[in-house]
Amino acid sequence: MQQPMTRPGHPVMKSYEQYAEMLYRIALVHLGSRQDAEEATQDTFIKLMEKAPVFKDDEHQKAWLIRVITNHCKNLLGRGWRKREVKLEGVEPVTADNPEELAVLQLVLSLPVKVKTVIHLYYYEDYPVQEISRILQISESAVKMRLQRGRQLLRLELEGAETE
């Protein structure tokens, strides 16, 4: 008899307990909405259950999950209905512990998708450049360029905010 996937101790449940929070944060950075981030996280674990890939180790699984949720978020952002979506005025989709953190987080959220993915993995998830390169399947020099571009964009925004 096969064990249901939702039972404690099942490999999918262990993965969910281990990586769900990190994947949610990655989706939140991409999508900027709690509801969308929760849905993207759920969809990622559904793909894990459906595809049931074989992983070499935990790091391989973690990299696969990050790649899946990143691609899923890109697909969601590219859909036509989402481009026509109207944000409600006054709704604050993300929070932070203090106003400065919130301001920086909102700036990170406003970066282009390619740049904010790398910035999030480097600064919020503490991945080294080599690991980000492996996870996103891009060269280390591309990671470094996106980090540099992200820092420049953030610096310009922060300097602009100070002069206002």
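This protein has eight helices and zero strands, where helices (H or I, at least four residues) and strands (E, at least two) are DSSP runs numbered from the N terminus. It is a predicted model, in which local features need pLDDT of at least 70 and side-chain atom pairs count only at pLDDT 80 or more, while totals for chains, interfaces and linings use all residues. Residues are numbered from 1 along each chain as its sequence is written, and side-chain values use heavy atoms, with hydrogens and water left out. Here is a quick tour, from the overall picture to the charged pairs.

**Overall picture**

- Along the sequence, the protein reads α-α-α-α-α-α-α-α.
- Of its 164 residues, 39% count as buried; buried means under 20% relative accessible area, exposed means over 50%, and partly exposed lies in between (1.4 Å probe, protein chains only).
- The accessible surface comes to about 10,500 Å², and 52% of that belongs to carbon and sulfur atoms; these areas come from the Shrake-Rupley method with a 1.4 Å probe, and for residues only the protein chains shown count as cover.
- Looking at contacts (heavy atoms within 4.5 Å), 59% of those between residues at least 6 apart in sequence join residues at least 24 apart.

**The nonpolar core**

- In soluble globular proteins, nonpolar side chains tend to be buried together.
- The largest nonpolar core here has 41 residues, and L23 and I66 have the most contacts inside it; such a core is a set of buried Ala, Val, Leu, Ile, Met, Phe, Trp, Tyr and Cys residues joined through side-chain atoms within 4.5 Å.
- At least two residues of this core come from each of α1 (11-31), α2 (34-51), α3 (58-78), α5 (99-109), α6 (113-124), α7 (129-136) and α8 (140-163).
- Helix α1 gives the most to the core, with ten residues.
- Leaving aside residues up to four places away in sequence, I66 touches M22, L23, I26, L121, Y127 and I135.

**A nonpolar patch on the surface**

- V104, Y123, Y124 and L158 form a nonpolar surface patch with about 330 Å² of accessible area together.
- Patches are made of residues with over 30% relative accessible area and no salt bridge, with like charges joined within 9 Å and nonpolar side chains (Val, Leu, Ile, Met, Phe, Trp, Tyr) within 5 Å.
- V104, one of the four, is found in helix α5 and is partly exposed, at a relative accessible area of 33%.

**Salt bridges**

- Side chains of opposite charge can pair when their charged atoms come close.
- Taking a salt bridge as a side-chain nitrogen of Lys or Arg within 4 Å of a carboxyl oxygen of Asp or Glu, the count comes to three.
- R25 pairs with E21, their closest N and O atoms being 3.3 Å apart; the two are separated by about one helical turn, because they are four residues apart in helix α1.
- R25 is partly exposed at 31% relative accessible area, whereas E21 counts as exposed at 60%.
- E125 also forms a salt bridge with R25, with the closest N and O atoms 2.8 Å apart.
- This pair links distant parts of the chain, since E125 lies in the loop between α6 and α7 and R25 in helix α1, 100 residues apart.
- E125 counts as buried, at 14% relative accessibility.
- E131 and R134 form a salt bridge with closest N and O atoms 2.5 Å apart; they are three residues apart in helix α7, so about one helical turn separates them.
- E131 counts as buried at 17% relative accessibility, while R134 is partly exposed at 38%.
- Through shared partners, salt bridges join E21, R25 and E125 into one network.
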